[in-house]
Amino acid sequence: MKPARRLVALAAAVLLATAGCAGSESGSSGPIVVGSVNALSGAATFPEASQAAKAVFDAANASGGVNGRQIQYKALDDKGDPAAAAAAAREVVGRDEAVALVGSSSLIECEINNKYYEQQKILSMQGIGVDPACFSSPNIAPVNVGPYHDMTLTLLYGSETLKLNDICALLEIAGNTLPSYQAAIDEWSAITGKKLKYLDATVPYGGSDYTSYIVKARNAGCKAITVNPVEPDSIGQLKAAAAQGWNDVTWLLLTSVYSENYAKAITNAGAGVYVPAEFYPFTDATSPQNKDWRELMTKNNIPLTSFSQGGYLAAKYFLDVIRGIQGDITRESVTKALREMKPITDPMVGTPYVFGPGQTHHDNTAGWPIKLASGTNKWELVADDWLRIPKK
């Protein structure tokens, strides 16, 4: 054999040996590798979801693990970059041989990686699903409501509970999300028979001045506005309305603005900011619904946010399912168990969670209405039960 061929053969042998070691490490005596792909750095970050999932797994490990095996949780950063998102998925799924992905939270990773997950026959229990692919893939099932059902819910609350007319929409569109937001609006129309008075889908993310958009909406005769903003944008939009003296407009927003920092930043909320919280409102500090989550997050110094609620629930659901697996816990057995699982109920959400065999997963359809009034700097509950999208 020529020297070059000997080197190639030796390298191949080393790779095969390494692969064999990796396979045995993930067997019945080694750790159970679980991964996630998250926006941990970049323009918009959501670290709490994976931090919360890790806290759940750490607590399980401290109590003996799952059938005597420890959970090895690997949360990778997609940096808000498509190439980094693809590389992170391939690292944790391909190299690390994860049995599943749990607690991921990202703006882009579902769109980038959903086909790869199908090819690798691995499932992802997203902590916070954002982009449309999170809800339209057979291999991804988020635990949260998502921005599209959230928009249907906020419109329902505005028109049916608050009895508002002349509702308008200002949409901030990233990537391919416009059809999904339009579908959410269409669902509201199908349920109520009502139409938006005005729609502007050109509102920019990270705009420096929203005055022109606010003026157009006011001139169109809007009495209430639904928007899908991130917190800084919403703060800018409310300030622009206040500067125009538009103090009687009602804001029908999404869980994306539900935080204590946002509440502290708003002095003039017009006729009120209303949000259908995707999980039981965390600002209700004494709620029994959030007791276990709150204690675990506080113990681990993890921020109390909707993102940490999502990561916590994803990990909790995952443990519930794999503890029922008879035999070795592998990617194949985990996938089978998630496909065949029975729905799990939890007081933190208004809809039971099930992965199941479906080709799409957009089953969480309940939010808890909350309000931020002018001058209060504090969210308050405005309902005694979940608001749900009626079943078709």
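**Ser-104 and its surroundings**

Guide: This model is predicted. Start with Ser-104: beyond its neighbours within four places in sequence, Ser-104 is in contact with Ser-36, Val-37, Asn-38, Glu-109, Ser-124, Met-125, Gln-126, Gly-127 and Ile-128. Ser-104 sits in the loop between E3 and helix H4 (109–120).

Visitor: Why is Ser-104 called buried?

Guide: The cut-off for buried is under 20% relative accessible area. Ser-104 has 0% relative accessibility, so Ser-104 counts as buried.

Visitor: What makes the pair of Ser-104 and Val-37 a polar contact?

Guide: A polar atom of the Ser-104 side chain lies 2.9 Å from the backbone nitrogen of Val-37. The limit is 3.5 Å, so the distance qualifies.

**The parallel sheet**

Visitor: What is the strand order in the open sheet of four strands, and how do they pair?

Guide: The order is E2-E1-E3-E4, and the pairing is parallel.

Visitor: What makes E2 and E4 edge strands?

Guide: Strand E2 (71–77) and strand E4 (124–125) each pair on one side only.

Visitor: How do you know that E3 and E4 pair?

Guide: Pairing requires at least two bridges. Strand E3 (residues 100–102) and E4 have two bridges, in the parallel sense, so they pair. For Leu-101, the bridge partner in E4 is Ser-124.

Visitor: Which helix lies across E1, E2 and E3?

Guide: H2 does, lying across strand E1 (32–38), E2 and E3. H2 runs at about 165° to E2.

**H2 against H12**

Visitor: How do H2 and H12 pack?

Guide: Helix H2 (residues 47–62) and helix H12 (residues 306–322) meet at an angle of about 35°, with axes 7 Å apart. The crossing of H2 past H12 is right-handed.

Visitor: Which residues meet there?

Guide: From H2 come Glu-48, Ala-49, Ala-52, Ala-53, Val-56, Phe-57 and Ala-60. From H12 come Phe-307, Ser-308, Gly-311, Tyr-312, Ala-315, Lys-316, Phe-318 and Leu-319. The residues of this contact divide into 11 nonpolar, two polar and two charged.

**Strand E10**

Visitor: Why is E10 called largely enclosed?

Guide: Seven of the seven residues of strand E10 (residues 366–372) are buried, so the rest of the structure largely encloses E10. Take the faces in turn. On one side, Ala-366, Trp-368, Ile-370 and Leu-372 are buried. On the other, Gly-367, Pro-369 and Lys-371 are buried.

Visitor: Why do the residues split into two sets?

Guide: In a regular strand, side chains alternate between the two faces of the sheet.

Visitor: How do you know that E10 pairs with E9, E11 and E12?

Guide: The test is at least two bridges. Strand E9 (residues 273–277) has five bridges to E10. Strand E11 (residues 379–381) has three bridges to E10. Strand E12 (residues 387–388) has two bridges to E10. Each pairing meets the test, and each runs antiparallel. Bridge partners include Pro-276 with Pro-369, Ala-366 with Arg-388, and Leu-372 with Trp-379.

Visitor: What phi does Gly-375 take in the hairpin of E10 and E11?

Guide: Gly-375 takes a positive phi near 75°. This hairpin has six residues between the strands.

**Thr-255**

Visitor: How do you know that Thr-255 is buried?

Guide: Its relative accessible area is 7%. That is under 20%, so Thr-255 is buried. Thr-255 is found in the loop between strand E8 (250–252) and helix H10 (260–265).

Visitor: What does Thr-255 touch, leaving aside its neighbours within four places in sequence?

Guide: Thr-255 is in contact with Asp-150, Val-275, Pro-276, Ala-277, Glu-278 and Ser-306. A polar atom of the Thr-255 side chain lies 3.2 Å from the backbone oxygen of Pro-276. The limit is 3.5 Å, so this is a polar contact.

Visitor: What makes the phi of Glu-97 worth noting?

Guide: Glu-97 has a positive phi of about 55° although it is not a glycine. Most residues other than glycine have a negative phi. Asp-166, also not a glycine, has a positive phi of about 55°.

Visitor: Where are Glu-97 and Asp-166?

Guide: Glu-97 is in the loop between helix H3 (82–95) and E3. Asp-166 lies in the loop between helix H6 (147–161) and strand E5 (167–172).

Conventions. Residues are numbered from 1 along each chain as its sequence is written. This is a predicted model: local features need pLDDT of at least 70, side-chain atom pairs count only at pLDDT 80 or more; totals for chains, interfaces and linings use all residues. Side-chain values use heavy atoms; hydrogens and water are left out. Axes are lines fitted to C-alpha atoms, for helices over the stretch in contact, and angles run from 0 to 180 degrees between N-to-C directions. A crossing is left-handed if the near helix is turned anticlockwise from the far one by less than a right angle, and right-handed if clockwise. Contact means heavy atoms within 4.5 Å. Ala, Val, Leu, Ile, Met, Phe, Trp, Tyr, Cys and Pro count as nonpolar, Asp, Glu, Lys and Arg as charged, and the others, Gly among them, as polar. Buried means under 20% relative accessible area, exposed over 50%, partly exposed in between (1.4 Å probe, protein chains only). A polar contact is a pair of N or O atoms within 3.5 Å; within protein, one must be able to donate a hydrogen and the other to accept it, and residues adjacent in sequence count only if both atoms are side-chain atoms.
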